Amino acid sequence: MAAEVGKKYVIIGNGIAGTTCAQMLRKNDPACDIWLLTNEPYPLYNRVSLPRFLQGVLPEQKVMIRSVEWHQEQRITLLTETVVTRVDTDERVVFLDRGGPLRYDALLIATGGWANKLRVPGVEGTNRIYNFVTLDDTKDIIAAALESKHAVTSGGSFIAYELTEGFNVRGVHVTWLMRGPYWLRTILDEEGGRLIDEIATHHGVEVVHGEEIKEIIPANGVPRHVVVSSGKQYPAEVIGVGLGLTLNHGFLDGTPIARQSGILTNEYMETNVPGVYSAGDVAEFYDSMIGRHHTMGTWDNALAHGRVAATNMAGGREPYVDVPTYTSPLFDTNIAVMGIAESNNPELTAITRIMPGEKGGKDYRKFFFKGNRLVGAVFIGSPKGRKKVVNIIQSGQDFATLAEREGLFAVR
Ligand SMILES: Cc1cc2nc3c(=O)[nH]c(=O)nc-3n(C[C@H](O)[C@H](O)[C@H](O)COP(=O)(O)OP(=O)(O)OC[C@H]3O[C@@H](n4cnc5c(N)ncnc54)[C@H](O)[C@@H]3O)c2cc1C
């Protein structure tokens, strides 16, 4: 009698979305065949821990989440340093830069994004100019920081902040350049932005708004100065850039898989092509909480996507319904972003308040409403009440009056 042949799953990307999917597929289907592919040299590691590794407060072993042996025990074939170059959805085949091709019954694309490079005169041929996405980026930045006295960081979002704090904790003087008037300009407002500047300045960071890097002046193959929009120069032997991500789906060119900024999926993480799913940062998924597609670059979201995709790839029917949250340390305080927190979204209204916090600090709170419904929030300072707020967002409760809305400032 012929042995039963299991379904063959191919997963592109071994981040938290891809690896969670592989783990759940194995749990739900002991007979299946699972291939997990990544261009990086490592099994799953914790990207959220990279900032603490950069600061020197967490050793490399603590950044790793999975070992090669774990994949063997789980009977997951992990191919590292292997790039997927093309997909043929008619033949259900994935092409690799070495080995392969691989046939699939169901395919998950969980390829995240690659960091946008700084492109200005002086970059070409100059070392020590870094993005900050991978473990290897982090190792390189640490080596450069150890040999530097001045750093320039550029960008108005989380990655530029993480680089700024990383250099700062390592005793490197940092000039933090932001093109916009304040940090996280699509989420915060002027008040919140001023608070961030206060916190960063208090830690010895030089914060400069309205400027971006226009040229690098190198010496002996490493930066010496950075020239900014106004013509001013800042000393820097190392440069960190957080200029956003380009989501990784170029290798799908020539396939009928629908894409906008990310790979379009429904709430079941299915693309428009049968048997093809997407999850994590690269998925532009239908969010039934707000009734539209969007992308979401958070760890918890990628993990939950991976879990839901595994259920549905194996024949289940589970929708993704969640309130995404992003929490991060912010120098000696914290930031938490919950749900849909979009200052530039004309469909949303918001209320903001800064209150005295614990230990002499300040607590900033902002709540976003769509119609009368709470859809998102931002906390800087004490995270107390975060779970309650997530529950309120989930419940769809009505906040018809200003007094009811302002009552949210008291949630702890
Ligand atoms: C420094 C840093 C700090 C962060 N801090 C936080 C935080 O505090 N809180 C939070 O919620 N989120 C944080 N994030 C974001 C969070 O880490 C991501 O949202 C999450 O890791 C995305 O997981 P993913 O599985 O979708 O993709 P990824 O982790 O990006 O994994 C995708 C993998 O696919 C690989 N790949 C891409 N294309 C191909 C190809 N063609 N062939 C083979 N392999 C390919 C990529 O190289 C990568 O290894 C942080 C991110 C960074 C970089």
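Student: Is C21 buried or exposed?
Tutor: Keep in mind that this is a predicted model. Buried means under 20% relative accessible area. C21 comes in at a relative accessible area of 0%, so C21 is buried.

Student: How many disulfides does the count come to?
Tutor: A pair of cysteine sulfur atoms has to lie within 2.5 Å to count as a disulfide. Take C21: the nearest cysteine sulfur, that of C32, is 9.6 Å away, and C21 is in no disulfide. C32 is in no disulfide either, with the sulfur of C21 as its nearest at 9.6 Å. By this rule the count is zero.

Student: Let's move to the ligand. How far is a polar side-chain atom of E40 from an oxygen atom of the ligand?
Tutor: E40 is among the residues that come nearest, along with N39, R47, D281 and W299. For E40, the distance from a polar side-chain atom to a ligand oxygen is 2.8 Å.

Student: How much of the ligand does the protein bury?
Tutor: W299 has a backbone N or O atom 2.9 Å from a ligand oxygen, and a polar backbone atom of I16 is 3.2 Å from one. Taken alone, the ligand exposes 1000 Å², and the share of that buried by the protein is 95%.

Student: Which element gives the most to the shell around the ligand?
Tutor: α1 (16-28), α8 (299-313) and β22 (325-330) each supply at least two residues. With three residues, the one that gives the most is β22.

Definitions and conventions: Residues are numbered from 1 along each chain as its sequence is written. This is a predicted model: local features need pLDDT of at least 70, side-chain atom pairs count only at pLDDT 80 or more; totals for chains, interfaces and linings use all residues. Side-chain values use heavy atoms; hydrogens and water are left out. A residue is near a molecule or strand if one of its heavy atoms lies within 4 Å of it. A polar contact is a pair of N or O atoms within 3.5 Å; within protein, one must be able to donate a hydrogen and the other to accept it, and residues adjacent in sequence count only if both atoms are side-chain atoms. Accessible areas come from the Shrake-Rupley method with a 1.4 Å probe; for residues, only the protein chains shown count as cover. Helices (H or I, at least four residues) and strands (E, at least two) are DSSP runs, numbered from the N terminus. Buried means under 20% relative accessible area, exposed over 50%, partly exposed in between (1.4 Å probe, protein chains only).
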